[in-house]
Amino acid sequence: MSDARILAFDTSAAHCAAALIQGGRLLAQAREEMARGQAERLMPMLEEVSGGWRVDALAVCTGPGNFTGIRIAVAAARGLALAKGIPAVGVSVLESLAPVEGAALVTADARQGRFYAQMFRDGAAQAEIRLVTLDEIAQAAPQDWQVIGHRAEEVADRLAAPCWREAEVADLAAVARIGAERIAAGEVTRPAPLYVRPADAALPSEPPPVILP
């Protein structure tokens, strides 16, 4: 899938976004801010972005985020994959923001002053996604990891983390890259909405496992 054309899209927040990517090169993209109306706008946007290009696979952002928005994108991915006979894979917002090298705490907006948070090392998740407050992050997250995502500067300041990068939405280029990697590895499963339940609202108290080089 290294040279495949991947149509990546996301409606997990107050927007509708799509990009057509081939071998890491952006062929076309579109993004519109909208609090509602993604169900009506998504399919026309996908047609506009894909244009006359052949699409080899779909990569959809599965959340966490707005429940209705997530369902819209996932349903579209499933329907298009079936209709076109091409694979579709799901990628989370947090996965798309995680760096391919190094250790990072990635955060996303969970509203009401809370965060979706997940730890990554070299792009691989080190724990499940958790729903937490800023105080809970400060108590449990590693201080020597970089912070990427929602309110990253504030989180990094509380942790005295070495570096940070603000990001509020999924990186569609990364969604496409991860999707292509999973398809190439035969890891194709039907996309499903990613919901994080309040019952899981705690970062692990023990440090993440050490990953040997």
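How many bridges join β10 to strand β11 (residues 164-166)? In this predicted model, 3 bridges join the two strands, which run parallel. Strands and helices here are DSSP runs, numbered from the N terminus, with at least two residues (E) for a strand and at least four (H or I) for a helix. Two strands count as paired if DSSP finds at least two bridges between them.

The model is a prediction in which local features need pLDDT of at least 70 and side-chain atom pairs count only at pLDDT 80 or more, whereas totals for chains, interfaces and linings use all residues. Residues are numbered from 1 along each chain as its sequence is written, and side-chain values use heavy atoms, with hydrogens and water left out. The predictor's confidence in each residue, pLDDT, runs from 0 to 100; its mean over the chain is 91, and 91% of the residues reach 70 or more.

The chain passes from β10 through helix α5 (residues 152-159) to β11 in a right-handed β-α-β crossover, that is, with the strands pointing away from the viewer, the path from the first strand over the helix to the second runs clockwise. Strand β10 (residues 146-149) also pairs with β6, in the parallel sense and over 4 bridges. In that pairing, Val106 has Ile148 of β10 as its bridge partner.

A separate description applies to the open sheet of 5 strands, whose order is β3-β2-β1-β4-β5 and whose pairing is mixed. Its edge strands, β3 (25-33) and β5, each pair on one side only. From one strand to the next the twist averages 15°. Strands β1 and β2 form a hairpin with 4 residues between them and pair in the antiparallel sense over 6 bridges. On its parallel side, β1 is joined to β4 by 4 bridges. Leu7 has Leu20 as its bridge partner in β2 and stands opposite Leu58 in β4. Strands β4 and β5 pair in the parallel sense over 4 bridges, with Ala59 opposite Val89 in β5.

Of the 6 residues of β1, 6 are buried, buried meaning under 20% relative accessible area, exposed over 50% and partly exposed in between (1.4 Å probe, protein chains only). In a regular strand the side chains alternate between the two faces of the sheet. Both faces of β1 are covered, with Arg5, Leu7 and Phe9 buried on one side and Ile6, Ala8 and Asp10 buried on the other. Helix α1 (residues 38-50) lies across β1, β2 and β3 and runs at about 20° to β2; axes are lines fitted to C-alpha atoms, for helices over the stretch in contact, and angles run from 0 to 180 degrees between N-to-C directions.

A nonpolar core is a set of buried Ala, Val, Leu, Ile, Met, Phe, Trp, Tyr and Cys residues joined through side-chain atoms within 4.5 Å. The largest such core has 33 residues, and those with the most contacts inside it are Ile6, Leu94, Val106, Tyr116 and Val175. Its largest share, 6 residues, comes from α6. A second, separate core of 22 residues includes Phe9, Val55, Val60 and Ala77.

Where pLDDT is low, the predicted coordinates should not be read in detail.

Note on methods:
Contact means heavy atoms within 4.5 Å.
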